[in-house]
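Keep the viewer open as you read.

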Amino acid sequence: MSSNIAQFRLIFAVALRNLWLDRLRTIIIGGLIGTGAFLAVIGLSLLLDVQASMRASITQSIAGDLQIYSAGAKDKLALFGGSGFMGRADIGSLPDFAPYRDAVLGHPNVAAFVPMGLDMAVLSRGNELDDAIDALRVALKAGDESIITGRVDQIKFQLDQVKLELAARRLLSSDQVEIDQQERDLARALAPEFFSQGKAIDEEHLQFLETKIAPLSGEKLPTYLQYIGTDIAAYRANFPKFKVIEGAALEPGQRGIMLSRKVREELLKNGVAKLFDKLHKRLVKRGGTISGDEENQRFATDLSKQYQQILSYLDRPNAEELSAKLTARGIKDDSPDLVQRLSHQVSAFLTVDDKNFSERYHWFYEHIAPKIKLYEVLPGQTITVRNYTRSGYIKTLPLKVHGIYNFDGLEDSDLAGVLNIMDLVSFRELYGQMTDASRKELEAMRAQVGMRDVKSEDAEAALFGDGGLASAAPSEAASETVGDVSSSNQALIVKPTLADFFDPAEVQNGLALNAAVRLKDPSQQNRTEAELRDKLDQGGYKVNIVDWQQASGIVGQFVNIVGGTLVFALSVIFLVAFVIINNSIIVGTLNRTREIGTMRAIGAQRSFIVTLFLAETGITGMLGAFSGAVAATAIILMAGRKGIPAANDVVTFIFSGPRLYPVIHWQVVTSVPLLITLFATLASIYAARHAAKVQPADATQEKE
Amino acid sequence: MAAVVKIAGVEKVYPLGKTEVRALSGIDLSIDEGEFTTIAGPSGCGKSTLLNLIGCMDIPTRGEVYIEGQPIAKLSDRELTRLRLEKLGFIFQSFNLIPVLTVFQNVEFPLLLQGRWTRAERQAKVTALLAEVDLLKQQQQRSSELSGGQRQRVAIARALVTNPRIVLADEPTANLDSATGERIIELMKNINKTHKTTFIFSTHDPQVMRQAGRIVRLKDGHVAAEQRS
Ligand SMILES: Nc1ncnc2c1ncn2[C@@H]1O[C@H](COP(=O)(O)OP(=O)(O)OP(=O)(O)O)[C@@H](O)[C@H]1O
Ligand SMILES: [Mg+2]
């Protein structure tokens, strides 16, 4: 027994001596193995961290642990984007989700089944003049003289701005005839007698403003809204990351939409405020500068041109006040005309540099922001979205914005912030679910307008063709469901009238596109997924079941992609190590023939020689791998203290927050170097056997 | 006395490119227990080849070598190695010590390979032999720190530590000055007397030859003459 230990010590001693004699080789191989261990420990640890953080934020915000959708899907389900830009993925549908739900809920590990639908629609938007005209229309109806005067003045103030804009446009336009016509229209509106009827301003005047003048004041581009329609009660009960930050939550049985904070910030915020925010984030939070940074310079230049975004929201008294304030803080201009003076002053104010940025940013939010409409949409307001339905017509639907929400921990992520959440009833309406009744209705409408089919390009055109948050073209007057052939294109536009409330029982069955499944024990995910697949298969339900990683799209695959890359990089390193180890042993054998021969001659078996060589790589591997692991642990500890900042939005999403705080995974730190040592040792078996082929007679070889 | 080594019709042919070299051609030889035999002959006559065959480091092309009556031609590498470890001891022309090991460890090495001795037993055996070759004081030194004569004495101790039946030495004095060489042969002879170990060694040196109890002269791969003193 003690002799075996002694024999082992002998091998160890000889191995160590040889490693020492061949220091350079030892260092190279050890270093290579150490690098591999270092990368493996860091990579695997981060991967585990990211997987855990991603898992929490994805499963608890939208995806659930598993997602189920129709096997008839043409595209893959990608909750956080992935299918082409602006593309609407076709993920099929579950015409009635109830039997799927009942089957899934029968599994003991399933906690909840939440029906969903993922789609996108166009948000119609009007400009400020449209809004002002609408406000005047309301005031006229109410008949309050002083309010009417205020509204008229606001319109006149905006007309002054349009005049300035038009003059600028004349210089650029090639169609002078058109500009002539536009100036004539504007002149009519600006003439003193246009608003002289006061209380009795008629609809003809208003429509003239809406159709001829409002379009001159700049159109806002229609914007896409991506949304999830769901059973709100089930959703809120199962997705704890959903947090209402403004307004109220959508309640079960209510129709409406919750806008994502990010969507509102990105798409529906005043342009000046948005640029201020963006620069503030880049300059103050990330410590950048305007000078010397091309991108920041571009934002600053954009900002200086955005005065219109402030002026168009002001009425005359507010404009006077702002002009006075700007003068008081040293931004003066002597144009007698208010619009001209203020546009110069605001332009000057918006011209920021590294020195004045912070102060201007705060001044903007303190003095200007309260006077303008910071967001296009506020909780409580109603937006109009339109969608080209799957049934081949366009549907317009008003939706009350109940509130603004966020996903906890993903506040800064654009990817997580693209989704808005609406009730399932509205979703089905926009999706264009065909019931027998609605099919008949549509047929009747088509017959009425003399159309057989709708060409999709016409529908697309109609989808974008006419904007107007609140402005409805007279010919489309919303009433009951009506068919309409707009003059410029041949698409059927349907405007259903839906109540604000519905019976929550309506979302206990019926159409859904996909469904989230939450598990009681997520560690059993793979097993449960397989069992559910079998179960649904046997029940004859043709579905795709995917886990949260697949369901969330490209981003969810991140862990797999990085994992794959890591494995690939490690494979390359170990392949190189493998070759070098074997090569150096074989070359080294030549120099050690006499020693090996002597050992063989005096009675050492081949296995002894093999063991000796394996011990040499084993020791090298052990030293290298554990040094690498220790270095990696130190780095992880350091990174864990400060956190790794997310470089961009995708990384924010992956980190589930602005920083990732790596932790040490002891199972990784200990098992990785052991496995690597084992691998390195085994990898040298070939060369060790080669060394053991040295003949005992070679002991007498004259060399040394 | 029984023959510890018996060589019967042994031929050894080495392939050399497309031709072959006939190193030994028809050797018959029998060596008894306790003999102190030298193999002599001009360079290239086959001394080393013969010693390698007796030493079980190689097997004959034809004929048979018997070690204590056991034929070796059909033994596996494993069995040959076992045979070398248990029954044979080797002394080399260039000493062939393992440089990193101390004198003590070098001598202990074969005992560790045998793997059946306790620490105390090993200690006793190694110390006894080191005393015999007069290297007790140097037992903790590295072999690289020793003189040639000292190294060869370590090698002798290593060859004897397993108490082998036969010790083989291929020109053990060739790398030593004549005075040291003579003392090494004397040491071997003493051990041969006291331990009754069979010694077979080769040499060119007539001085050394004179010490042998039996001289086997080889020429061109066969036994040319034999004499006993
Ligand atoms: N491994 C080998 N391969 C080919 N030929 C060999 C080999 N070993 C020995 N020989 C040849 O066999 C013959 C005998 O060689 P051997 O080494 O046995 O002679 P030796 O008597 O020991 O010579 P020396 O006194 O020079 O040591 C020589 O011609 C030698 O060249
Ligand atoms: Mg020789």
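**Two helix pairs in chain A**

Start with a pair of helices: α22(A) and α26(A) cross in a right-handed manner, where right-handed means that the near helix is turned clockwise from the far one by less than a right angle, and left-handed that it is turned anticlockwise. Before going further, note that this is a predicted model, in which local features need pLDDT of at least 70 and side-chain atom pairs count only at pLDDT 80 or more, while totals for chains, interfaces and linings use all residues. Residues are numbered from 1 along each chain as its sequence is written, and chains are lettered from A and ligands numbered from 1 in the order in which they are written.

Helix α22 of chain A covers residues 558–591 and helix α26 of chain A covers residues 666–683; their axes lie 9 Å apart at an angle of about 40 degrees. That angle makes α22(A) oblique to α26(A). Here, helices (H or I, at least four residues) and strands (E, at least two) are DSSP runs, numbered from the N terminus. Axes are lines fitted to C-alpha atoms, for helices over the stretch in contact, with angles running from 0 to 180 degrees between N-to-C directions. Angles under 35 degrees count as roughly parallel, over 145 as roughly antiparallel, 65 to 115 as roughly perpendicular and the rest as oblique.

Which residues of α22(A) and α26(A) meet? On α22(A) they are A:F574, A:A577, A:F578 and A:I581, and on α26(A) they are A:F679, A:A680 and A:A683, with contact meaning that two C-beta atoms, placed from the backbone, lie within 7 Å. The residues of this contact divide into 7 nonpolar, no polar and no charged; Ala, Val, Leu, Ile, Met, Phe, Trp, Tyr, Cys and Pro count as nonpolar, Asp, Glu, Lys and Arg as charged, and the others, Gly among them, as polar.

Now turn to helix α6 (residues 176–190) and helix α7 (residues 203–213) of chain A, whose axes come within 11 Å and cross at roughly 150 degrees. These two helices, α6(A) and α7(A), are therefore roughly antiparallel to each other, and α6(A) passes α7(A) in a left-handed crossing. A:D185, A:L186 and A:A189 of α6(A) make the contact with A:L209, A:K212 and A:I213 of α7(A). This contact of α6(A) with α7(A) holds 4 nonpolar, no polar and 2 charged residues.

**Chain A and two of its residues**

Stepping back, chain A has 27 helices and 13 strands. Of its 704 residues, 40% count as buried; buried means 20 or more other C-beta atoms within 10 Å of a residue's own, exposed means 12 or fewer, and partly exposed lies in between, with C-beta atoms placed from the backbone. Among contacts in chain A between residues at least 6 apart in sequence, 81% join residues at least 24 apart.

A:Q525 gives one example: the C-alpha atoms of A:Q525 and A:D65 are separated by 7.3 Å, although the two are 460 residues apart along the chain. A:Q525 lies in helix α20 (residues 525–538) of chain A. Is A:Q525 buried or partly exposed? It counts as partly exposed because it has 18 C-beta neighbours inside 10 Å. A:H362, in helix α15 (residues 357–368) of chain A, is exposed, with 12 other C-beta atoms within 10 Å.

Chain B has 7 helices and 10 strands, and 47% of its 229 residues count as buried. The contact between the chains takes 25 residues from chain B and 23 residues from chain A. On the side of chain B that touches chain A, α1 (47–54), α2 (77–87) and α3 (103–114) each give two or more residues, and α2(B) supplies the largest share, 5 residues. That side divides into 11 nonpolar, 7 polar and 7 charged residues.

Look at α3(B) on its own: 11 of its 12 residues are buried, including B:V107 and B:F109. Just after α3(B), B:G115 takes a positive phi of about 70 degrees.

**The nonpolar cores**

The largest nonpolar core has 108 residues, and those with the most contacts inside it are A:A37, A:V41, A:A691, B:V107, B:A157, B:L168 and B:I200. Such a core is a set of buried Ala, Val, Leu, Ile, Met, Phe, Trp, Tyr and Cys residues joined through C-beta atoms within 7 Å. Its largest share, 10 residues, comes from helix α24 (residues 606–642) of chain A. Apart from this core lies another, of 83 residues, among them A:M116, A:L118, A:I228 and A:V385.
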